[in-house]
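Look over the structure, then read on.

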Amino acid sequence: MRSFVKSLNPAFNMVSSCDIEEYSTILFQKEKADLKRKIALCSHRVSISACLWAPQGSQASVKYICLSVHFIDSDWKLQRKIIKFGVFQPSITNLDRRLESESGPFNVIREAIIDWNLDQKLFSLKSVSEIRNDERTSKLKDFLLGRKCLPIGGELYNTSCVSDVLDSIISKGQPMLHLAADILERSIRAYMSSSLTQQQLTEFKDMEMKCPEDNTKWWHQIYFGLEVLLNFKKAFPSEELLSVKETKLVESVCKILRAFYHAVEVICGPVCPTANVYFNELWIVRRALEEEASTDNTELSGMVWEMQEVFDEYWQISYVWLSIPVVLDPRFKVNFIEFRLKQAFGTDAVKYVSAVHDTIWELFLEYCNSDHKLSVHTSNREVHDVQFGGFYKDSLEDWDEHLNVHTRSQVLAELTNYLDDAIVPRKDDFDILNWWMNNSTKYPTLSIMARDVLAMPASAVHCETAFSSEGPVIHKQWSTLNIKTIEALVCTRDWIK
């Protein structure tokens with residue numbers, strides 16, 4: 001680059017790398033201060049997601065942890081911003097990195113919470129399995145509970161990353177998917193060597209071109225290949241090239257992968273979705289597995305049953321946090337959850353619905369109590385030792401208590417009224433955040449709670465890396481820099497793009 005610039009203008013002096021690093025740090029601090037003010041002013045609570053990054057093209061001798069904050073701002077727009085980038089697992093040869101910045105999930109997340117003043121604003125944490133299962137991460141929950149940072153005793157804290165879970169479920173069906181991939185490869189060769197017309201071959205090649213690039217996840221490539229094969233067979237049927245038995249297997253596998261891919265596409269899309277959409281996307285995955293587990297093909301059904309077993313294990317521990325945002329969707333509320341959980345759990349559904357109902361009320365009461373305590377504290381402070389209309393403060397305490405009880409009963413009726421109100425008709429252009437903004441006066445406490453709940457992420461992985469086989473990576477040129485400089489570059493790029 002220096003040689004190129006000199007050839008254009010020999011008198012031009014390139015800025016030194018030290019100057020660029022200093023400018024990057026100054027810009028980072030400025031943007032960080034602005035974002036801090038925005039979070040402090042516009043958000044009641046925030047959720048955090050944690051994923052891992054690795055140096056590009058290396059053997060991942062060092063891993064980085066990337067933290068993003070999720071919140072709904074004063075304009076009722078969902079925001080996702082990277083707030084911390086630190087060392088998750090330093091290599092033996094990178095001790096200088098470890099000395100310059102605390103490493104490990106506990107230290108990095110705790111440092112971010114303290115630095116960004118989130119100790120009383122944290123709602124939930126979403127993390128990939130490697131972070132979630134790290135023994136150091138478990139200490140973080142004790143630390144936060146000790147400081148009374150987490151709502152309802154941390155029941156919504158540190159839930160699994162959905163895209164991570166879906167990948168682990170897919171891995172259980174690898175033999176079945178590889179069998180479908182073999183059929184795909186044989187069929188492509190057969191089609192290409194068959195007596196198809198030039199136009200048919202051109203159409204087939206055009207379909208192939210729509211498949212993702214080589215750096216996508218292995219099962220994504222299989223899925224797109226199967227979609228191409230099925231579309232082409234539908235247009236140009238031939239049992240010689242693809243038998244009936246093979247067609248059924250390919251259709252079944254493609255149906256499963258379609259549900260998984262669509263779920264990842266929605267949950268990890270470029271536009272961050274609100275939390276009310278997660279339940280339905282995972283329900284579609286559950287239904288696809290359930291339908292294909294009952295197929296006549298014993299080899300296929302056995303493999304799907306293994307996948308279904310892993311999914312059910314996740315469903316058992318996650319249905320509550322997945323259901324709460326749906327209850328706060330005025331188009332569905334509790335009735336929809338009752339309907340779905342009866343389908344999922346049959347006669348045992350009552351206890352599962354009850355768990356969702358109890359959690360909603362527990363969370364709502366905590367929001368009511370926090371507002372109630374604040375108002376009582378302010379009221380008492382203002383009337384301390386003040387004479388009012390000939391009465392002193394102590395002679396009006398019973399009246400204050402009466403008003404507080406009456407106000408509290410009105411606040412508690414807010415959730416009941418919301419649940420009893422008519423369900424809003426479903427429309428394609430329905431904007432749930434706009435609805436809650438317009439109804440914040442009618443449901444003042446519930447709207448604050450809904451804003452925090454609907455900001456919960458389902459995936460800790462950013463959209464641009466959700467479909468990549470490499471995952472999130474650090475550029476080669478950056479990996480040799482000081483960890484503080486890397487953090488400044490990663491965060492600032494995210495904030496100003």
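Contact means heavy atoms within 4.5 Å. Phenylalanine 260 touches Leu166, Ile169, Ile170, Trp219, Val285, Leu289 and Met307, leaving aside residues up to four places away in sequence.

This is a predicted model: local features need pLDDT of at least 70, side-chain atom pairs count only at pLDDT 80 or more, and totals for chains, interfaces and linings use all residues. Residues are numbered from 1 along each chain as its sequence is written, and side-chain values use heavy atoms, without hydrogens and water.

**Aromatic pairs**

Rings of Phe, Tyr and Trp (its six-membered ring) pair if their centres lie within 6.5 Å; planes under 30 degrees apart are stacked, over 60 edge-to-face, and the rest tilted. By this rule there are 27 aromatic pairs.

Buried means under 20% relative accessible area, exposed over 50%, and partly exposed in between (1.4 Å probe, protein chains only). Tyrosine 418 is buried, at 0%. Tyrosine 443 is buried too, at 3%. Tryptophan 435 and tryptophan 436 are both buried.

One aromatic cluster holds Phe279, Trp283, Phe311, Trp315, Phe332 and Phe336.

**Charges over rings**

A charge sits over a ring if NZ of Lys or CZ of Arg is within 6 Å of the ring centre and within 35 degrees of the ring normal. Lysine 126 has its charged end over the ring of tryptophan 321, 3.4 Å from the centre. Arginine 451 does this over tryptophan 76, at 5.5 Å.
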